Amino acid sequence: MSTITELIHSIPVDPRTGAIAVPIYQTSTFVQDAPGVNKGYDYARSNNPTRETAEKIIAQLEGGAAASLFGSGLAAIDAVIKLLKSGDEIVAVDDIYGGAFRLFHKVYEKFGIRVTYVDTSDTQAVFNAITPATRLIWLETPTNPTLKISDIAAIGRIAKAHNCLFCVDNTFASPILQKPLELGADLVVHSATKYLGGHSDLIAGVVVAKTIPLAEEIKFYQNATGAILGPFDSFLLIRGIETLHLRIKQHGINAQALAEYLESHPAVDKVYYPGLPSHKGHELAKRQSKGFGGIISFTLKNDTIEAATAFVTSTRYFKLAESLGGIKSLLCHPAAMTHKSIPDEKRRAAGVSDSLIRLSVGLEETADLLADLEQAFTKLPAPVHAETVL
(Lines give C-alpha, C1' and ligand atoms only; values in the text may rest on other atoms or scores of the structure.)
Protein backbone atom coordinates (compact mmCIF):
# COMPACT_ATOMS: atom_id res chain seq x y z
CA MET A 1 0.00 0.00 0.00
CA SER A 2 1.32 3.46 -0.88
CA THR A 3 1.75 6.01 1.87
CA ILE A 4 -0.95 8.21 0.31
CA THR A 5 -3.48 5.37 0.32
CA GLU A 6 -2.42 4.45 3.84
CA LEU A 7 -2.95 8.03 5.00
CA ILE A 8 -6.43 8.30 3.49
CA HIS A 9 -7.54 4.95 4.89
CA SER A 10 -6.06 5.57 8.34
CA ILE A 11 -9.09 7.82 8.81
CA PRO A 12 -11.71 5.33 9.99
CA VAL A 13 -15.34 4.83 9.06
CA ASP A 14 -17.54 5.19 12.15
CA PRO A 15 -18.30 1.58 13.19
CA ARG A 16 -21.65 2.45 14.79
CA THR A 17 -23.26 4.47 11.99
CA GLY A 18 -21.06 3.93 8.94
CA ALA A 19 -20.34 7.67 8.71
CA ILE A 20 -17.48 8.21 6.23
CA ALA A 21 -16.34 11.30 8.18
CA VAL A 22 -15.20 11.07 11.80
CA PRO A 23 -18.07 12.24 14.06
CA ILE A 24 -17.64 15.24 16.35
CA TYR A 25 -18.26 14.05 19.89
CA GLN A 26 -19.16 17.45 21.32
CA THR A 27 -19.61 16.32 24.89
CA SER A 28 -17.94 17.06 28.21
CA THR A 29 -18.72 13.78 29.95
CA PHE A 30 -19.84 10.19 29.33
CA VAL A 31 -22.46 8.09 31.11
CA GLN A 32 -21.01 5.18 33.08
CA ASP A 33 -22.61 1.75 33.57
CA ALA A 34 -21.30 1.65 37.14
CA PRO A 35 -18.67 3.65 39.05
CA GLY A 36 -15.47 3.26 37.03
CA VAL A 37 -17.19 1.05 34.44
CA ASN A 38 -17.56 2.82 31.10
CA LYS A 39 -17.16 2.44 27.36
CA GLY A 40 -13.57 3.70 27.38
CA TYR A 41 -14.38 7.34 28.12
CA ASP A 42 -15.32 9.07 31.33
CA TYR A 43 -14.48 12.78 31.03
CA ALA A 44 -13.52 14.66 27.88
CA ARG A 45 -10.37 16.20 29.33
CA SER A 46 -8.99 12.69 29.81
CA ASN A 47 -10.16 11.39 26.44
CA ASN A 48 -12.59 12.09 23.64
CA PRO A 49 -13.34 9.84 20.64
CA THR A 50 -12.77 12.58 18.04
CA ARG A 51 -9.48 13.68 19.58
CA GLU A 52 -8.39 10.08 20.07
CA THR A 53 -8.96 9.35 16.37
CA ALA A 54 -6.90 12.39 15.35
CA GLU A 55 -4.11 11.30 17.70
CA LYS A 56 -4.03 7.81 16.21
CA ILE A 57 -3.88 9.19 12.65
CA ILE A 58 -0.94 11.49 13.46
CA ALA A 59 0.93 8.80 15.40
CA GLN A 60 0.64 6.50 12.37
CA LEU A 61 1.78 9.29 10.03
CA GLU A 62 4.92 9.90 12.10
CA GLY A 63 5.60 6.22 12.79
CA GLY A 64 5.24 6.71 16.55
CA ALA A 65 3.73 4.63 19.33
CA ALA A 66 1.11 7.24 20.29
CA ALA A 67 0.33 10.93 20.07
CA SER A 68 -1.23 13.54 22.35
CA LEU A 69 -3.04 16.60 21.01
CA PHE A 70 -2.90 19.96 22.75
CA GLY A 71 -4.62 23.31 22.46
CA SER A 72 -1.57 24.87 20.75
CA GLY A 73 1.93 24.10 19.56
CA LEU A 74 3.37 25.84 22.62
CA ALA A 75 1.23 23.69 24.91
CA ALA A 76 2.74 20.66 23.18
CA ILE A 77 6.26 22.01 23.73
CA ASP A 78 5.39 22.73 27.35
CA ALA A 79 4.39 19.10 27.89
CA VAL A 80 7.78 17.91 26.62
CA ILE A 81 9.67 20.26 28.95
CA LYS A 82 7.63 18.90 31.85
CA LEU A 83 9.55 15.65 31.39
CA LEU A 84 12.53 17.48 32.94
CA LYS A 85 13.25 18.61 36.47
CA SER A 86 15.14 21.43 38.16
CA GLY A 87 18.87 21.20 37.45
CA ASP A 88 18.43 19.57 34.05
CA GLU A 89 19.86 21.22 30.94
CA ILE A 90 18.64 21.53 27.35
CA VAL A 91 20.80 21.91 24.26
CA ALA A 92 18.60 23.79 21.79
CA VAL A 93 18.87 25.04 18.24
CA ASP A 94 19.97 28.69 18.15
CA ASP A 95 17.66 29.68 15.30
CA ILE A 96 14.66 28.78 17.44
CA TYR A 97 11.00 29.71 17.17
CA GLY A 98 10.44 32.84 19.25
CA GLY A 99 7.62 31.31 21.26
CA ALA A 100 9.78 28.35 22.27
CA PHE A 101 12.59 30.73 23.27
CA ARG A 102 10.15 32.75 25.40
CA LEU A 103 8.86 29.59 27.10
CA PHE A 104 12.37 28.30 27.81
CA HIS A 105 13.79 31.65 28.94
CA LYS A 106 10.89 33.33 30.74
CA VAL A 107 9.21 30.29 32.28
CA TYR A 108 11.45 27.26 32.70
CA GLU A 109 14.77 28.95 33.45
CA LYS A 110 13.25 30.32 36.66
CA PHE A 111 12.49 26.72 37.66
CA GLY A 112 16.16 25.83 37.30
CA ILE A 113 16.22 24.37 33.78
CA ARG A 114 19.18 25.80 31.88
CA VAL A 115 19.22 26.12 28.09
CA THR A 116 22.30 26.32 25.86
CA TYR A 117 21.72 27.48 22.28
CA VAL A 118 23.97 26.18 19.50
CA ASP A 119 24.05 26.02 15.72
CA THR A 120 22.72 22.49 15.35
CA SER A 121 23.65 22.38 11.67
CA ASP A 122 27.16 21.91 13.10
CA THR A 123 26.94 18.44 14.65
CA GLN A 124 30.23 18.92 16.49
CA ALA A 125 28.80 22.01 18.19
CA VAL A 126 25.95 19.88 19.53
CA PHE A 127 28.40 17.31 20.85
CA ASN A 128 30.55 20.00 22.49
CA ALA A 129 27.54 21.55 24.24
CA ILE A 130 26.57 18.35 26.06
CA THR A 131 27.25 18.33 29.82
CA PRO A 132 26.55 15.70 32.48
CA ALA A 133 23.33 17.62 33.27
CA THR A 134 22.00 17.61 29.68
CA ARG A 135 18.71 15.74 29.51
CA LEU A 136 17.17 17.01 26.28
CA ILE A 137 18.32 18.03 22.82
CA TRP A 138 15.80 20.32 21.12
CA LEU A 139 15.92 20.53 17.34
CA GLU A 140 14.05 22.30 14.58
CA THR A 141 14.97 21.29 11.05
CA PRO A 142 14.37 23.18 8.87
CA THR A 143 14.67 26.00 11.39
CA ASN A 144 12.39 28.98 11.73
CA PRO A 145 13.08 31.29 9.96
CA THR A 146 16.52 30.77 8.34
CA LEU A 147 15.82 27.15 7.32
CA LYS A 148 19.05 25.62 8.59
CA ILE A 149 19.20 21.87 8.07
CA SER A 150 20.55 19.63 10.83
CA ASP A 151 21.53 15.98 10.62
CA ILE A 152 18.78 14.24 12.59
CA ALA A 153 20.41 10.80 12.53
CA ALA A 154 23.81 12.10 13.69
CA ILE A 155 22.29 14.15 16.52
CA GLY A 156 20.17 11.16 17.45
CA ARG A 157 23.33 9.12 17.93
CA ILE A 158 24.79 11.84 20.14
CA ALA A 159 21.61 11.91 22.23
CA LYS A 160 21.59 8.14 22.65
CA ALA A 161 25.28 8.06 23.62
CA HIS A 162 24.66 10.64 26.34
CA ASN A 163 21.32 9.20 27.51
CA CYS A 164 19.44 12.36 26.47
CA LEU A 165 15.94 12.71 25.18
CA PHE A 166 15.89 13.97 21.61
CA CYS A 167 12.91 16.02 20.39
CA VAL A 168 12.46 17.33 16.85
CA ASP A 169 10.01 20.06 15.89
CA ASN A 170 8.80 18.74 12.53
CA THR A 171 6.33 21.55 11.80
CA PHE A 172 8.04 22.91 8.68
CA ALA A 173 8.63 19.56 6.98
CA SER A 174 5.54 17.62 8.07
CA PRO A 175 5.57 13.80 8.20
CA ILE A 176 4.95 13.74 4.44
CA LEU A 177 8.53 14.93 3.86
CA GLN A 178 10.42 13.86 6.97
CA LYS A 179 10.04 11.31 9.78
CA PRO A 180 12.42 12.12 12.64
CA LEU A 181 11.40 9.13 14.77
CA GLU A 182 12.75 6.83 12.05
CA LEU A 183 16.03 8.78 12.13
CA GLY A 184 16.63 8.51 15.87
CA ALA A 185 14.38 11.04 17.61
CA ASP A 186 12.45 10.08 20.75
CA LEU A 187 9.76 12.73 20.38
CA VAL A 188 8.29 14.81 17.57
CA VAL A 189 6.27 17.97 18.08
CA HIS A 190 4.17 19.96 15.64
CA SER A 191 2.33 23.18 15.66
CA ALA A 192 -0.59 21.38 14.04
CA THR A 193 -1.98 24.84 13.34
CA LYS A 194 0.33 24.89 10.35
CA TYR A 195 0.61 22.19 7.68
CA LEU A 196 -1.30 19.44 9.47
CA GLY A 197 -4.38 21.64 9.73
CA GLY A 198 -3.49 23.47 6.56
CA HIS A 199 -6.39 25.93 6.32
CA SER A 200 -5.55 28.63 8.89
CA ASP A 201 -8.73 27.84 10.83
CA LEU A 202 -7.53 26.16 14.03
CA ILE A 203 -4.88 26.31 16.75
CA ALA A 204 -3.43 22.96 17.79
CA GLY A 205 -0.27 21.17 18.86
CA VAL A 206 0.79 17.55 19.03
CA VAL A 207 3.51 15.42 20.62
CA VAL A 208 4.29 12.03 19.09
CA ALA A 209 6.37 9.60 21.15
CA LYS A 210 8.45 6.76 19.82
CA THR A 211 7.71 4.41 22.73
CA ILE A 212 4.65 3.61 24.82
CA PRO A 213 6.30 4.52 28.18
CA LEU A 214 7.26 7.96 26.86
CA ALA A 215 3.83 8.39 25.28
CA GLU A 216 2.20 7.57 28.62
CA GLU A 217 4.24 10.29 30.35
CA ILE A 218 3.14 12.88 27.81
CA LYS A 219 -0.48 11.68 28.07
CA PHE A 220 -0.26 12.10 31.85
CA TYR A 221 0.76 15.75 31.47
CA GLN A 222 -1.94 16.30 28.85
CA ASN A 223 -4.56 15.14 31.35
CA ALA A 224 -2.96 16.65 34.45
CA THR A 225 -2.56 20.15 33.02
CA GLY A 226 -5.65 20.11 30.82
CA ALA A 227 -4.30 21.87 27.73
CA ILE A 228 -6.31 19.61 25.43
CA LEU A 229 -7.58 20.05 21.89
CA GLY A 230 -11.38 20.22 21.69
CA PRO A 231 -13.48 17.84 19.57
CA PHE A 232 -14.42 20.35 16.87
CA ASP A 233 -10.80 21.42 16.32
CA SER A 234 -9.82 17.74 16.31
CA PHE A 235 -12.37 17.21 13.53
CA LEU A 236 -10.94 20.16 11.56
CA LEU A 237 -7.46 18.72 12.00
CA ILE A 238 -8.54 15.34 10.63
CA ARG A 239 -10.17 17.08 7.67
CA GLY A 240 -6.95 18.97 6.98
CA ILE A 241 -4.81 15.84 7.15
CA GLU A 242 -6.96 14.20 4.46
CA THR A 243 -5.34 16.46 1.83
CA LEU A 244 -1.93 16.89 3.47
CA HIS A 245 0.02 14.96 0.82
CA LEU A 246 -1.48 16.96 -2.05
CA ARG A 247 -0.98 20.29 -0.33
CA ILE A 248 2.64 19.59 0.62
CA LYS A 249 3.44 18.64 -2.98
CA GLN A 250 2.05 21.88 -4.41
CA HIS A 251 3.54 24.05 -1.66
CA GLY A 252 6.94 22.66 -2.65
CA ILE A 253 6.44 23.19 -6.38
CA ASN A 254 5.47 26.83 -5.85
CA ALA A 255 8.23 27.47 -3.31
CA GLN A 256 10.95 26.09 -5.57
CA ALA A 257 9.93 28.42 -8.39
CA LEU A 258 9.79 31.46 -6.10
CA ALA A 259 13.12 30.65 -4.44
CA GLU A 260 14.86 30.46 -7.83
CA TYR A 261 13.30 33.79 -8.82
CA LEU A 262 14.39 35.47 -5.58
CA GLU A 263 17.94 34.14 -5.89
CA SER A 264 18.33 35.99 -9.18
CA HIS A 265 16.68 39.25 -8.09
CA PRO A 266 19.06 42.25 -7.83
CA ALA A 267 17.40 43.61 -4.67
CA VAL A 268 17.84 40.33 -2.77
CA ASP A 269 20.94 39.59 -0.73
CA LYS A 270 20.45 36.04 0.55
CA VAL A 271 17.81 33.37 -0.04
CA TYR A 272 17.22 30.60 2.48
CA TYR A 273 15.53 27.59 0.90
CA PRO A 274 16.90 24.04 1.13
CA GLY A 275 15.74 23.25 -2.39
CA LEU A 276 18.39 25.56 -3.82
CA PRO A 277 21.77 23.91 -4.57
CA SER A 278 23.38 27.02 -3.07
CA HIS A 279 21.84 26.25 0.32
CA LYS A 280 24.39 24.91 2.79
CA GLY A 281 22.11 22.03 3.81
CA HIS A 282 20.83 21.13 0.34
CA GLU A 283 22.49 17.71 0.06
CA LEU A 284 21.58 16.74 3.63
CA ALA A 285 17.98 17.81 3.04
CA LYS A 286 17.88 15.60 -0.06
CA ARG A 287 19.04 12.62 2.02
CA GLN A 288 16.76 12.93 5.04
CA SER A 289 13.66 14.48 3.45
CA LYS A 290 11.41 13.75 0.48
CA GLY A 291 11.11 17.41 -0.45
CA PHE A 292 11.99 20.92 0.61
CA GLY A 293 8.72 22.38 1.85
CA GLY A 294 6.84 25.60 1.34
CA ILE A 295 8.79 28.12 3.45
CA ILE A 296 11.31 30.58 2.02
CA SER A 297 13.19 33.34 3.82
CA PHE A 298 15.26 36.05 2.20
CA THR A 299 17.10 39.24 3.08
CA LEU A 300 17.35 42.49 1.19
CA LYS A 301 20.51 44.24 0.10
CA ASN A 302 18.96 47.27 1.79
CA ASP A 303 19.17 45.49 5.15
CA THR A 304 16.87 47.71 7.17
CA ILE A 305 13.63 47.30 9.05
CA GLU A 306 12.19 50.12 6.94
CA ALA A 307 12.88 48.30 3.66
CA ALA A 308 11.43 45.05 4.98
CA THR A 309 8.35 46.88 6.24
CA ALA A 310 7.83 48.50 2.85
CA PHE A 311 7.99 45.10 1.14
CA VAL A 312 5.69 43.17 3.48
CA THR A 313 3.04 45.90 3.32
CA SER A 314 3.04 46.03 -0.50
CA THR A 315 2.00 42.52 -1.53
CA ARG A 316 -1.45 41.55 -2.80
CA TYR A 317 -1.66 37.77 -2.56
CA PHE A 318 0.90 37.31 0.19
CA LYS A 319 -1.04 38.41 3.27
CA LEU A 320 0.91 39.96 6.15
CA ALA A 321 0.16 37.70 9.10
CA GLU A 322 1.63 35.47 11.77
CA SER A 323 1.65 31.71 11.15
CA LEU A 324 2.28 29.60 8.07
CA GLY A 325 1.29 26.42 6.29
CA GLY A 326 -2.14 27.43 5.05
CA ILE A 327 -3.52 27.31 1.53
CA LYS A 328 -3.27 31.12 1.21
CA SER A 329 0.21 32.60 0.93
CA LEU A 330 1.42 34.55 3.95
CA LEU A 331 4.50 36.62 4.69
CA CYS A 332 5.94 38.08 7.84
CA HIS A 333 8.84 40.14 9.14
CA PRO A 334 10.35 37.96 11.90
CA ALA A 335 12.37 40.76 13.56
CA ALA A 336 9.14 42.63 14.29
CA MET A 337 6.74 39.68 14.52
CA THR A 338 7.50 36.00 15.22
CA HIS A 339 10.95 36.62 16.75
CA LYS A 340 10.30 39.93 18.49
CA SER A 341 10.62 38.24 21.91
CA ILE A 342 14.27 37.32 21.17
CA PRO A 343 16.83 40.04 22.07
CA ASP A 344 18.14 41.85 18.99
CA GLU A 345 21.75 40.75 19.43
CA LYS A 346 20.76 37.07 19.86
CA ARG A 347 18.35 37.32 16.94
CA ARG A 348 20.95 38.79 14.59
CA ALA A 349 23.60 36.31 15.75
CA ALA A 350 21.24 33.48 14.76
CA GLY A 351 20.95 34.95 11.25
CA VAL A 352 17.61 36.73 11.65
CA SER A 353 18.67 40.08 10.23
CA ASP A 354 16.62 43.27 10.23
CA SER A 355 15.46 42.84 6.63
CA LEU A 356 14.76 39.11 6.73
CA ILE A 357 11.34 38.27 5.30
CA ARG A 358 9.66 34.87 5.62
CA LEU A 359 7.26 33.58 2.99
CA SER A 360 4.74 30.82 3.56
CA VAL A 361 4.07 29.89 -0.03
CA GLY A 362 0.46 28.86 -0.58
CA LEU A 363 -1.45 27.08 -3.30
CA GLU A 364 -2.19 29.97 -5.66
CA GLU A 365 -0.98 29.85 -9.26
CA THR A 366 2.80 30.19 -9.37
CA ALA A 367 2.69 32.98 -11.96
CA ASP A 368 0.41 35.09 -9.78
CA LEU A 369 2.73 34.75 -6.79
CA LEU A 370 5.77 35.67 -8.88
CA ALA A 371 4.00 38.76 -10.19
CA ASP A 372 3.04 39.75 -6.66
CA LEU A 373 6.63 39.63 -5.47
CA GLU A 374 7.82 41.51 -8.52
CA GLN A 375 5.46 44.44 -7.96
CA ALA A 376 6.38 44.53 -4.24
CA PHE A 377 10.05 44.97 -5.14
CA THR A 378 9.13 48.12 -7.07
CA LYS A 379 7.86 49.66 -3.80
CA LEU A 380 11.18 49.34 -1.98
CA PRO A 381 12.81 52.58 -0.85
CA ALA A 382 16.16 53.42 -2.43
CA PRO A 383 19.09 52.51 -0.14
CA VAL A 384 20.71 55.39 1.69
CA HIS A 385 24.43 55.67 0.95
CA ALA A 386 26.74 57.54 3.27
CA GLU A 387 28.36 60.56 1.62
CA THR A 388 31.96 60.14 0.76
CA VAL A 389 34.19 62.30 2.96
CA LEU A 390 36.79 64.10 0.86
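Leu 7 is buried, its relative accessible area being 4%, where buried means under 20% relative accessible area with a 1.4 Å probe and protein chains only. The model is a predicted one, in which local features need pLDDT of at least 70 and side-chain atom pairs count only at pLDDT 80 or more, while totals for chains, interfaces and linings use all residues. Residues are numbered from 1 along each chain as its sequence is written, and side-chain values use heavy atoms, with hydrogens and water left out.

Leu 7 belongs to helix H1, residues 3-9, helices being DSSP runs of H or I with at least four residues and strands runs of E with at least two, numbered from the N terminus. Leaving aside residues up to four places away in sequence, Leu 7 touches Leu 61, Ile 176, Ile 241 and His 245, contact meaning heavy atoms within 4.5 Å.

Helix H12 (residues 305-312) has as its buried residues Ala 307, Ala 308, Ala 310, Phe 311 and Val 312. These buried residues of H12 pack against several elements, among them strand E9 (295-300), strand E12 (357-360) and helix H14 (366-377).

Lining the largest pocket are 28 residues, of which Leu 74, Tyr 97, Asn 144, Ser 191 and Lys 194 lie nearest its centre; a pocket is an open set of points on a 1 Å grid over the protein atoms alone, where a 1.4 Å probe fits, with protein on both sides within 12 Å along at least five of seven lines, and lining residues have an atom within 4 Å of a point. Helix H3 gives the most to the lining of the largest pocket, with 4 residues.

Definitions and conventions. Buried means under 20% relative accessible area, exposed over 50%, partly exposed in between (1.4 Å probe, protein chains only).
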